[in-house]
Amino acid sequence: MTFTDPTTGEQDDLGGFDIRTARLRAEGDVRNYGYRVEFDFGNNVGGINDITAQNYGALGQSRPVAGSPEEATQLAGIQNPSYTPTLLDAWGAVTVAEAFKITVGRFRQPFLQSGLVDRNRTLFVDRTYLGSVYSQRDEGVMLSGKFSMVGWYLSAQNGQDGVANKYLLTGRVTLDILGEGAGHNAMTAYGAPEGTNLTVAAAFANDDSFDKGNQFGGELYLTAGPFFLGGEIVSLDDNVGDATPWNVRAAYLIANAYEIALQYQDFNRALVAGGGSSSADSDRGYGAAVNWYHDDWDSKWTLQYLRRDANDDVFDADVISVGLTVSF
């Protein structure tokens with residue numbers, strides 16, 4: 001991995017080992033009640049997408065000015081990660097009827113499927129840029145359900161101001177147009193239903209802490225035999241980025257064990273107040289990966305290459321990674 005050190009202006013190379021996630025989860029169902037409690041003992045700020053989400057002013061988290069001591073501190077945290085236990089999920093749910101469920105506790109914002117899918121079922125080692133942003137957890141209450149082809153989610157969470165009196169409100173609707181739908185449990189053709197499956201989704205979110213904090217999202221996921229295609233786009237209001245980031249991914253499964261994947265991302269971000277710039281130029285990310293599903297979802301090897309072109313060159317990066325995912 002290479003990028004420009006803002007304190008010296010020189011190109012630095014990073015190479016080494018990283019524990020992206022090390023999670024301990026307890027979940028289950030008791031009659032019509034369900035629960036999940038999950039901790040992560042791994043590093044949450046090591047990946048190229050995580051760096052992007054935390055440093056590029058996503059959703060009100062302004063990036064320090066290039067070359068500032070604050071930015072140098074962030075880079076130091078990336079180079080010397082701290083493996084601090086983090087509470088991820090802690091929720092209980094009750095299924096009132098087949099198409100109606102109530103969830104209370106700490107859970108992921110139901111905005112994009114790339115943020116909702118579990119980490120051991122992502123196409124690349126890391127989530128997409130948008131998936132990283134929208135996989136954040138918060139306390140609140142959520143109503144959800146599914147009627148035949150239509151799935152729906154409505155949630156109210158604490159949001160940017162914590163336990164103060166303003167909320168992050170989110171609504172999401174999915175429509176399975178063909179087959180059983182695609183992308184619900186994984187971002188890949190591996191394990192997908194037979195035949196052709198197509199799902200489209202739309203979402204809206206607003207954090208009342210911001211004067212102009214609307215967020216609109218759209219998604220499309222398609223599986224056809226061994227082929228997978230997915231794309232997502234988000235439009236951000238003035239005070240949560242004033243941008244339209246998007247991405248597209250494609251993959252092909254060979255012998256139901258090996259998978260070739262490609263990815264393109266356009267961050268199209270404008271830094272928010274405090275970020276030092278209001279440029280609407282696009283940052284771009286390219287990626288290619290090969291996955292080997294050794295034992296269903298329980299063990300997977302990934303070899304991937306990611307390239308990020310930042311419009312200000314501060315966080316240009318080339319990353320070659322070999323990853324092993326083991327779950328049980």
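Lys 146 and Asp 176 form a salt bridge, with the closest N and O atoms 2.7 Å apart. A salt bridge here is a side-chain nitrogen of Lys or Arg within 4 Å of a carboxyl oxygen of Asp or Glu. The pair links distant parts of the chain. Lys 146 sits in strand S7 (residues 137-147) and Asp 176 in strand S9 (residues 168-178), 30 residues apart. Helices (H or I, at least four residues) and strands (E, at least two) are DSSP runs, numbered from the N terminus.

This is a predicted model, in which local features need pLDDT of at least 70, side-chain atom pairs count only at pLDDT 80 or more, and totals for chains, interfaces and linings use all residues. Residues are numbered from 1 along each chain as its sequence is written, and side-chain values use heavy atoms, with hydrogens and water left out.

Lys 146 is partly exposed, at 37% relative accessibility. Asp 176 is buried, at 5%. Buried means under 20% relative accessible area, exposed over 50%, and partly exposed in between (1.4 Å probe, protein chains only).

**Salt bridges**

The count comes to 17 salt bridges. Three of them are set out here.

| Pair | N to O distance | Sequence separation |
|---|---|---|
| Arg 23 and Glu 38 | 3.6 Å | 15 residues |
| Arg 25 and Asp 118 | 3.7 Å | 93 residues |
| Lys 146 and Asp 176 | 2.7 Å | 30 residues |

Arg 23 lies in strand S3 (residues 23-30), and Glu 38 in strand S4 (residues 33-40). Arg 23 is partly exposed at 28% relative accessibility. Glu 38 is buried, at 2%.

Arg 25 is in strand S3. Its partner Asp 118 is in the loop between H3 and helix H4 (129-133). Arg 25 has a relative accessible area of 34%, so Arg 25 counts as partly exposed.

Salt bridges also join into a network. Its members are Arg 23, Arg 25, Glu 27, Arg 36, Glu 38, Asp 40, Asp 89, Arg 108, Asp 118 and Arg 137.

**Around Gln 109**

Gln 109 is in the loop between strand S6 (100-108) and helix H3 (113-116). Gln 109 is buried, because its relative accessibility is 7%.

Which side chain makes a polar contact with that of Gln 109? The side chain of Thr 170 does, at 2.9 Å. A polar contact is a pair of N or O atoms within 3.5 Å; within protein, one must be able to donate a hydrogen and the other to accept it, and residues adjacent in sequence count only if both atoms are side-chain atoms.

Gln 109 also touches other residues, among them Leu 116, Tyr 134, Gln 136 and Ala 205. Contact means heavy atoms within 4.5 Å. Residues up to four places away in sequence are not counted.
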